[in-house]
Amino acid sequence: MALIESLILISVLLFLFYKWSTSTYNVLNERGVPHEKPFPLIGNIKWGTLRQKTSFLENVINRYQRYKNCKVYGTYNFREPIIFIKDLELIKKVGIKDFDHFTNHKTVFTEVKDNVFSKSLIALQNQRWKEMRNTLTPSFTGSKMRLMFELINDCSIQGVKYLEKQTKATENNELDLEMKEYFTKFTNDIIASAAFGIKVDSFEDPDNEFYKIGQSFTKFRGLMIMKAFFISLFPKLARFLRMELMSSKMTNYFKTLVFGAIKYRAENNIIRPDMIQLLTEAKKHFEEMKNEQTGEHAEFNDDDLLAQCILFFLAGFETVSTCLCFTAHELLENQDIQDLLYQEVLEIEKELDGKPLNYDTIVKMKYMDMVLSESLRKWPPLIMLDRVCENDYKLTDEEGNLIVEIKKKDMIAFPIAALHRDPEYFPEPDKFQPERFSDENKSNIKHLSYLPFGIGPRSCIANRLALMETKAIIYHMLLRFKIIRGPKTTKDMMKSMKGFFMEPEELFWMKFIPRES
């Protein structure tokens with residue numbers, strides 16, 4: 001009898017779990033949005049992606065192409081319905097014209113209110129986001145980047161010296177190196193210097209505490225994603241359990257580092273052109289102006305400042321190193337393009353005549369900019385970009401025809417990686433062609449088909465800084481080395497990528513050969 005009762009209880013629980021896991025799967029039907037039939041609990045996420053067998057990037061592109069003749073289509077991310085907008089005019093409406101209806105991101109950090117990262121720019125919402133964005137924007141102007149460039153250039157030179165040292169230690173004066181770890185160390189040292197004002201050399205001292213903190217983030221990133229899924233599925237339970245995505249150890253480390261630096265600089269009257277200095281100045285300016293312009297309830301306290309520093313660390317640590325990995329890989333696969341870029345580097349080096357590389361010089365390197373633009377097209381840092389609908393909204397085309405009625409709290413998304421690989425916008429999309437972005441050709445690129453840094457008022461605030469870092473290390477690297485295929489070089493990058501990550505380990509092996517002086 002007890003066994004029968006147990007079986008009945010288990011059956012009831014399984015039935016209730018099934019009903020709960022599928023309870024949202026009527027939404028896209030109600031909205032009239034075309035989509036594939038979802039699987040209980042996981043929705044339209046592919047089993048192969050969950051098992052790290054297929055690439056999330058490839059799945060996004062394939063699904064986009066499957067709905068080639070649709071202006072919108074839908075998917076279920078676990079239980080959450082997502083309306084993808086692929087028509088460029090509709091993207092313009094949602095991302096720019098009617099931005100006030102779609103101001104916020106869907107973020108798990110808003111579900112964990114006591115987490116300091118919930119105060120970061122990416123997690124803030126509505127008026128609070130607008131105030132913070134306006135406060136931080138002056139910190140990322142060209143003039144501020146110009147002051148910061150010397151710190152970045154020094155780290156770039158340091159990184160290339162390590163390559164020279166390692167190459168000289170080989171028997172044949174050729175170096176085979178896995179570049180994910182290398183570029184991670186490089187971006188780590190840049191962030192340490194340009195953001196937090198500390199000098200580290202992760203190439204010679206990989207056990208430094210700043211790099212170990214970054215490594216712990218990368219090492220446990222899979223665990224963080226699983227936590228994010230849990231928080232997204234069970235937000236109330238996550239709040240009850242006081243679940244945090246970031247460990248208290250990491251948060252406390254940055255708290256000590258940031259506020260220790262601010263205190264030391266204030267006591268010793270030290271001014272340094274880094275992110276801590278810029279954010280400190282922004283905080284001071286905010287406090288002076290808050291009653292006049294930002295409202296009596298606005299604030300920019302220590303936690304707000306700390307949150308922006310941590311965001312800068314996490315975003316810079318991953319996105320820049322990933323961009324560098326893909327760019328270097330494309331250069332070794334396309335030797336003619338690498339040679340053209342090398343010639344531009346030589347021209348700039350001759351023009352500098354022994355002077356150090358500077359911000360104004362590197363921003364005028366046209367072919368460098370073309371190469372990076374094409375790298376960001378083919379391998380964008382964001383596979384998709386999300387927004388949350390603030391109020392019921394009728395999305396119509398240019399003729400006024402209703403496309404879809406979006407309800408409050410519905411999540412919509414732009415399939416950035418798929419747009420970048422659409423042959424209608426970029427012929428031969430799998431081919432690496434920097435000439436797409438030449439002065440003669442870039443006017444042919446359809447507006448909003450290229451969105452490497454997002455769209456509208458909520459686009460990436462630090463894109464200048466990211467490009468500056470990337471250009472500096474590529475410049476110094478090509479000046480000293482030719483990059484070619486090695487015995488471990490990945491043959492098909494797209495097919496080799498697995499799971500949710502854009503930058504899996506051990507994919508970026510390449511060989512460095514010193515150039516003749």
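I began at Glu 174, which counts as partly exposed at 26% relative accessibility. The model I am reading is a predicted one.

Next I looked up the partner of Glu 174. A salt bridge joins Glu 174 to Lys 511, with the closest N and O atoms 3.6 Å apart. I placed both ends: Lys 511 sits in strand S9 (residues 509–514), while Glu 174 is in the loop between helix H7 (142–168) and strand S3 (175–178), so this pair ties together parts that are 337 residues apart in sequence. Lys 511 is buried, its relative accessible area being 11%.

I then turned to Glu 351. Its salt bridge is with Lys 364, and the closest N and O atoms are 2.7 Å apart. This pair also links distant parts of the chain, 13 residues apart: Glu 351 belongs to helix H15 (residues 335–352), and Lys 364 to the loop between helix H16 (359–363) and helix H17 (366–378). Glu 351 is partly exposed at 48% relative accessibility, and Lys 364 is partly exposed at 46%.

Arg 31 is buried, at 16%, because the limit for buried is under 20%.

I noted one network as well: salt bridges link Glu 36, Lys 46, Arg 63 and Arg 66.

Last, I asked how many salt bridges the whole structure holds. The search finds 31.

Methods
Residues are numbered from 1 along each chain as its sequence is written. This is a predicted model: local features need pLDDT of at least 70, side-chain atom pairs count only at pLDDT 80 or more; totals for chains, interfaces and linings use all residues. Side-chain values use heavy atoms; hydrogens and water are left out. A salt bridge is a side-chain nitrogen of Lys or Arg within 4 Å of a carboxyl oxygen of Asp or Glu. Buried means under 20% relative accessible area, exposed over 50%, partly exposed in between (1.4 Å probe, protein chains only). Helices (H or I, at least four residues) and strands (E, at least two) are DSSP runs, numbered from the N terminus.
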